[in-house]
Amino acid sequence: QLSARGEKMASRLLQVQLFRAVARQELHWWEVKAESDVHALDRLVRHNMPYEVSKVLNIPRDFLRRISSIMAAAWRMRQQSSLLLFWMVGIHWASIGAHKCVKHLRELLQRHAYRGMV
């Protein structure tokens, strides 16, 4: 309940700040805005904002939950497993890291190759 209250207060504060930022715009900006843009802004403030705020506020909690579950699994594995399982887990994590490195390198090379074309 305390978390929900905090999320609601943060959402309200963010809504006020967003309204102030929009209200500071020039009069010309308000004249050229289409009705669909106003509805999109209204939908963001009234419906999507609380979800986005709770998603951002849950980042530290999710991070701690993941770290604690990884640590608990590692502790259980250390207590009950053999050396071969350690090697298998190490190889698995190394392959994940290698895949990420290869993906990043491929994207970098593609950007470099396409830079002259576009």
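A residue is called buried when its relative accessible area is under 20%, exposed when over 50%, and partly exposed in between (1.4 Å probe, protein chains only).

The model is predicted, so that local features need pLDDT of at least 70 and side-chain atom pairs count only at pLDDT 80 or more, while totals for chains, interfaces and linings use all residues. Residues are numbered from 1 along each chain as its sequence is written, and side-chain values use heavy atoms, with hydrogens and water left out.

**Exercise 1. Describe the secondary structure, and find where confidence is lowest and highest.**

Solution. Begin with the elements, where helices (H or I, at least four residues) and strands (E, at least two) are DSSP runs numbered from the N terminus. The chain has five helices and zero strands, in the order α-α-α-α-α from the N terminus on. Turn next to pLDDT, the predictor's confidence in each residue from 0 to 100: its mean over the chain is 77, and 66% of the residues reach 70 or more. Confidence is lowest in helix H2 (residues 27-32), with a mean of 58, and highest in helix H5 (residues 83-115), with 90.

**Exercise 2. Locate the salt bridge and describe the setting of its partners.**

Solution. The criterion is a side-chain nitrogen of Lys or Arg within 4 Å of a carboxyl oxygen of Asp or Glu, and the count comes to one salt bridge. The partners are Arg 65 and Asp 62, whose side chains meet at 3.3 Å, N to O. Both residues belong to helix H4 (residues 59-80) and stand three residues apart, about one turn of the helix. Asp 62 is partly exposed, because its relative accessible area is 31%.

**Exercise 3. Identify the backbone oxygen that the side chain of Ser 95 reaches, and decide whether Ser 95 is buried, partly exposed or exposed.**

Solution. Ser 95 is placed in helix H5, and its side chain reaches the backbone oxygen of His 92 at 2.7 Å. With a relative accessible area of 30%, Ser 95 is therefore partly exposed.

Terms used: Polar contact = N/O pair within 3.5 Å; in protein donor to acceptor, adjacent residues only side chain to side chain.
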